[in-house]
Amino acid sequence: MRSESHALVVIDGTHGEGGGALVRTCLVMSALTQQPVRIENVRGGSKYPGVDVEDLTLLSTLATMCRAETVGAEIGSSAISFLPTSKPCGFKGEISSIRNNSNRGSNSLVILGSLLPALARSGVYSSLIVEGETYGSNAISYDYFANVTLAAFRKMGLYAFPELTVAGFGRESRGAVSLDVEPSALVGIDWSDRGSLRSVNAVVATSLIPNSVGERILSHLKNLAQTAGFKIDAQHVDVPCNGPGAFVTAWAVYERGMGGGTAMGARGIRGETLAQFAFQELFDWMAGSATTDPYLADQILLPLVLAESSSTFSVSRLTLRFLTIVWVIKQFTPIHITVRGVENGPGAVRIERN
């Protein structure tokens, strides 16, 4: 990816969603384009402004990969600067989540997903282990990352191979995911329509709860799918973990597209209700015609910007987060990203190189 200059890019952290996605995209784009960046009013649009543990974990890792200088790299800081001095190199080793006073750490999949484009473009093999949450509320799960995100990345020529070492339910947990990443030449995708349905799948991940709970969730998922008129390939997995937890991930794969639904267990929520939440989210996406769900759209955008050819895809809902990521990318590189649709409605996206 070429940049126009190495002049400092200054970003207002309150723009758009004004949260963590803006920070992460800024840092990765700075690393890839070698343009220094300063983010002011970090997370200024969120309930918890200032540098978060997730921001700091990503910042320190990218700083190692790019031999970058940093300013303001501390929890709660209202502004940070990232000044890379070399292109991203590969990474081998363990990334421990930085934690705040409440022992809240990072979501390991968010860190891995953010690093992947830079690792793939490094030209060398990378092998890393990231500590932190692997199953959490309002975040993708390990099973979504392994079966949806990375499957979509393979369509673009990006190959990465994950393994769940220890599960972590919630931000206070200490799960771990290992990932091997091949140096990759990225190609564009044409996902203007889905094509035919290839499979519907689900994983019920549980730990330190009665096996019968996971089997009830599994049985209910199969009944829901049968009622909806299709077969689901679902499995119950007892994951290694130091604490109790339950999580349901369901997804569908088409010729040209994929999407899913997730639900995290909590005290007082019946297993059948958990299955219903995840299945309903998946079914709502399948009932439309979009080739990605909102979570996958966020994740594939930056790799597609790095691809050597044009790309087209559609998303079931244009989130403010997605539109913010688009805006940030355009601050670093003169690429054409055309988004048709309005916020919270369905959208079509085309990415073209100059």
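Are helix 2 and helix 3 roughly parallel or roughly antiparallel to each other?

A: This is a predicted model, in which local features need pLDDT of at least 70 and side-chain atom pairs count only at pLDDT 80 or more, while totals for chains, interfaces and linings use all residues. Residues are numbered from 1 along each chain as its sequence is written, and side-chain values use heavy atoms, with hydrogens and water left out.

Two packed helices are described by the angle between their axes and by the distance between those axes. Helix 2 (residues 53–66) and helix 3 (residues 108–120) pack at about 25 degrees, and their axes are 10 Å apart. Helices here are DSSP runs of H or I of at least four residues, strands are runs of E of at least two, and both are numbered from the N terminus. The axes are lines fitted to C-alpha atoms, for helices over the stretch in contact, and the angles run from 0 to 180 degrees between N-to-C directions. Helix 2 and helix 3 are therefore roughly parallel to each other; this term covers angles under 35 degrees, whereas over 145 counts as roughly antiparallel, 65 to 115 as roughly perpendicular and the rest as oblique.

On the side of helix 2, Glu54, Thr57, Leu58, Thr61, Leu62 and Met65 take part, and they meet Val110, Ile111, Ser114, Leu115, Ala118 and Leu119 in helix 3. Contact means heavy atoms within 4.5 Å.

Helix 2 also has a partner in helix 1 (residues 20–33), where the two axes come within 10 Å and cross at roughly 0 degrees. Helix 1 and helix 2 are therefore likewise roughly parallel to each other. Helix 1 contributes Gly20, Val23, Arg24, Leu27, Val28 and Ala31 to this contact, and helix 2 contributes Glu54, Asp55, Leu58, Leu59, Leu62 and Cys66.

The loop between helix 1 and strand 2 (37–40) contains Gln34. Gln34 has a positive phi of about 65 degrees although it is not a glycine, and with a relative accessible area of 13% it is buried. Buried means under 20% relative accessible area, exposed means over 50%, and partly exposed lies in between, using a 1.4 Å probe and protein chains only. Leu208, in the loop between strand 10 (197–207) and helix 5 (211–228), is also not a glycine and has a positive phi of about 55 degrees. Leu208, however, is exposed, with a relative accessible area of 56%.

A further packed pair is formed by helix 4 (residues 142–155) and helix 7 (residues 294–306), whose axes lie 10 Å apart at an angle of about 40 degrees. These two helices are therefore oblique to each other. The contact is made by Tyr144, Val148, Thr149, Ala152 and Phe153 of helix 4 and by Tyr295, Leu296, Gln299, Ile300 and Pro303 of helix 7. Helix 4 passes helix 7 in a right-handed crossing.

At 1.5 Å a residue, its 14 residues should span 20 Å, and the C-alpha atoms at its ends are 19 Å apart, which agrees; the expected span is 1.5 Å times one less than the number of residues. Helix 4 has a kink of about 25 degrees centred on Thr149, where the bend is the angle between axes fitted to the seven residues ending there and the seven starting there. Eleven of the 14 residues are buried, so helix 4 is largely enclosed by the rest of the structure. Among the buried residues are Tyr142, Asp143, Phe145, Leu150 and Ala151.

Just after helix 4, Gly157 takes a positive phi of about 90 degrees. Leaving aside residues up to four places away in sequence, Ala185 touches Met156 and Gly157. Ala185 lies in the loop between strand 8 (175–181) and strand 9 (190–191), and at 65% relative accessibility it counts as exposed. Although Ala185 and Glu308 are 123 residues apart along the chain, their C-alpha atoms are separated by 8.2 Å.

Notes:
A crossing is left-handed if the near helix is turned anticlockwise from the far one by less than a right angle, and right-handed if clockwise.
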